[in-house]
Amino acid sequence: MAHADSVTASFLDGEDSFSPTTPSFPPRSSYIRSLSTSSSRSSSSRAAFASSPVLRNSSHGAPLPLSAISSPVRHVNPLLDELLFCLELLQNNDPSLTSLDLKDSSLFSFNHGSVIANALSINTHIKSINLTNVKLQTATAIELAEALRDNHSLESLVLDQNLIAPQGIRALADALKYNSTLKELRIAQQRQQFGTEAEQALADALKVNQTLVKFGGQIRDVPSRNFIDRAITRNKEIARKKRLAQQ
């Protein structure tokens, strides 16, 4: 997967500082650790880190949605800890993680998106991912699209209110031709309009895809919008007949 220039976050004594880097990804587990441990901290900060969520495993409980965390302020950022914990579970294909909700996370970075995409290509337990309003960019959307070709567990992907350009929309549309498990795709309210070419690519994908039953996005091209509406209705009927056949 191609990687664009990015910004790496390091947390120093409870404050964040950013320095531009060219992504160079070490092995996945060590990369997750380095995001939270690379900065130097005081001895009291290290003591706090010893019990931080990033060091947990599934026996310590299910991961929390970031929006649900209201821990007291600590030397180690509790939101970052929980985010890293979730990403580690995703990479490890841990069955306890079936839903990843990072909606509105201000800590989300390009590197986190790459970790999710890499893990998604091999994960067999994750059912839903919500990356609404995390400033997700086109390069990450393309990586996610490539991962969708290989993933056979994800049923819902929500990417609303991000920075995905038409190229990223086309990549996601192309992935729908190969993915047969995704039931919901939401890509509404991007900074740019999809453009006619990307909208037609979505319509073309739904000529092949028969599993997507929920779609969210502004389609301005009338023929494409009409076809997508009909295709979603068709797919819902296919799903209904499958459920009846299994009863």
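**A friendly walk through the predicted model**

Modeller: L90 is buried, with a relative accessible area of 0%. Keep in mind as we talk that this is a predicted model.

Biologist: Happy to start there! Which helix holds L90, and which residues does L90 touch, leaving out those up to four places away in sequence?

Modeller: L90 has its place in helix α3. Leaving out residues up to four places away in sequence, the residues that L90 touches are L97, L100, I116, A119, N123 and I126.

Biologist: Thanks! Is L87 buried or exposed?

Modeller: L87 sits in helix α3, which covers residues 78-91. Buried means under 20% relative accessible area. The relative accessible area of L87 is 0%, so L87 is buried.

Biologist: And what is the C-alpha to C-alpha distance between L87 and G113?

Modeller: In sequence, L87 and G113 are 26 residues apart. From C-alpha to C-alpha, the distance is 9.7 Å.

Biologist: Let's move on to α5. What do the buried residues of α5 pack against?

Modeller: Helix α5 spans residues 138-150, and its buried residues include T138, A141, L144 and L148. The elements that the buried residues of α5 pack against are α4 (110-120), β5 (156-158) and α6.

Biologist: How far apart are the end C-alpha atoms of helix α7, and why does that agree with its number of residues?

Modeller: Helix α7 has 13 residues, 196-208. At 1.5 Å a residue, α7 should span 18 Å.

Biologist: Good check! What covers the buried residues of α7?

Modeller: The buried residues of α7 are A198, E199, A201, L202, A203, A205 and L206. Their cover includes α6 (166-176), β7 (214-216) and α8 (222-246).

Biologist: How many charged residues line the second largest pocket?

Modeller: This pocket has a volume of about 260 Å³. Among the residues lining the second largest pocket are S180, K183, K242 and R243. By class, the lining has three nonpolar and six polar residues, and the number of charged residues is three.

Biologist: Finally, the whole protein: what percentage of its residues count as buried?

Modeller: The protein has eight helices and seven strands. Its accessible surface comes to about 12,200 Å². Of its 247 residues, the share that counts as buried is 46%.

Terms used:
Residues numbered from 1 in each chain as written. Predicted model: local features only at pLDDT ≥ 70, side-chain atom pairs only at ≥ 80, totals over all residues. Heavy atoms only, no water. Helix = DSSP H or I, 4+ residues; strand = E, 2+ residues; numbered from the N terminus. Expected span 1.5 Å × (residues − 1). Buried < 20%, exposed > 50% of the residue type's maximum accessible area, 1.4 Å probe, protein only. Contact = heavy atoms within 4.5 Å. 1 Å grid on protein atoms, 1.4 Å probe; cavity = no way out; pocket = protein on both sides within 12 Å on 5 of 7 lines; lining within 4 Å. Points joined across faces, edges and corners; volume = space filled by probe spheres on them. Nonpolar A, V, L, I, M, F, W, Y, C, P; charged D, E, K, R; others polar. Areas by Shrake-Rupley, 256 points an atom, 1.4 Å probe, with all protein chains shown as cover.
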